[in-house]
Amino acid sequence: MPIFGLSPGGQDETLSRPWARKAAAVGKAGSIVALTGVILPLLMIGGMKFTAVEIEALRPLIGGTPWLAWMYPVFGEAGASYALGVVEIATGLLLIACPWSARAGVAGGAWPP
């Protein structure tokens with residue numbers, strides 16, 4: 001597969017093997033860094049949902065949002081926060097599994113958080 005296009009002689013110019021390996025390694029490292037940048041905040045924020053400080057901080061957000069307000073009568077204040085935390089942590093875990101399972105990556109990427 002040509003990387004730089006056609007050479008002046010009209011032949012396809014591809015990267016030599018060492019450059020191709022280095023480019024693949026840089027691409028893989030970039031993917032890992034990007035995935036880590038999504039997963040770590042999800043896990044940290046999801047874990048915070050189980051603390052009293054976060055339960056209090058979520059009170060105006062959940063109570064004032066029509067599509068989340070139903071959670072208070074169903075789960076209570078702490079239960080609503082816990083439910084959101086479970087969804088965020090599950091999303092992070094599915095994204096962790098995406099290098100081994102494409103289905104897990106799709107499910108993790110499609111979930112609401």
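Rings of Phe, Tyr and Trp (its six-membered ring) count as a pair if their centres lie within 6.5 Å; planes under 30 degrees apart make the pair stacked, over 60 edge-to-face, and the rest tilted. With that rule, a search of the whole structure turns up 2 aromatic pairs. Bear in mind that this is a predicted model, where local features need pLDDT of at least 70, side-chain atom pairs count only at pLDDT 80 or more, and totals for chains, interfaces and linings use all residues. Residues are numbered from 1 along each chain as its sequence is written, and side-chain values use heavy atoms, with hydrogens and water left out.

**Aromatic pairs**

- Phenylalanine 50 and tyrosine 82 are stacked, because their ring centres sit 5.3 Å apart and their planes are at 15°.
- Phenylalanine 50 is in the loop between H1 and helix H2 (52–63), while tyrosine 82 is in helix H3, so this pair ties together parts 32 residues apart in sequence. (Helices are DSSP runs of H or I, at least four residues, numbered from the N terminus.)
- Phenylalanine 50 is partly exposed, at 38% relative accessible area, and tyrosine 82 is partly exposed too, at 35%. (Buried is under 20%, exposed over 50%, partly exposed in between, using a 1.4 Å probe and protein chains only.)
- Tryptophan 70 and phenylalanine 75 make a tilted pair, 6.1 Å centre to centre with 55° between the planes.

**H1 against H3**

- The axes of helix H1 (residues 17–48) and H3 come within 8 Å and cross at roughly 155°. (Axes are lines fitted to C-alpha atoms, for helices over the stretch in contact, with angles from 0 to 180 degrees between N-to-C directions.)
- H1 and H3 are therefore roughly antiparallel to each other, a label for angles over 145 degrees.
- The contact (heavy atoms within 4.5 Å) includes Leu35, Val38 and Ile39 of H1 and Gly85, Glu88 and Ile89 of H3.
- Its residues split into 10 nonpolar, 5 polar and 1 charged. (Ala, Val, Leu, Ile, Met, Phe, Trp, Tyr, Cys and Pro count as nonpolar, Asp, Glu, Lys and Arg as charged, and the others, Gly among them, as polar.)

**H3 against H4**

- Helix H3 (residues 71–97) and helix H4 (residues 102–110) have axes that come within 7 Å and cross at roughly 145°.
- Thr91, Leu94, Leu95 and Ala97 in H3 meet H4 residues including Ala104 and Gly105.

Methods:
Helices (H or I, at least four residues) and strands (E, at least two) are DSSP runs, numbered from the N terminus. Angles under 35 degrees count as roughly parallel, over 145 as roughly antiparallel, 65 to 115 as roughly perpendicular and the rest as oblique.
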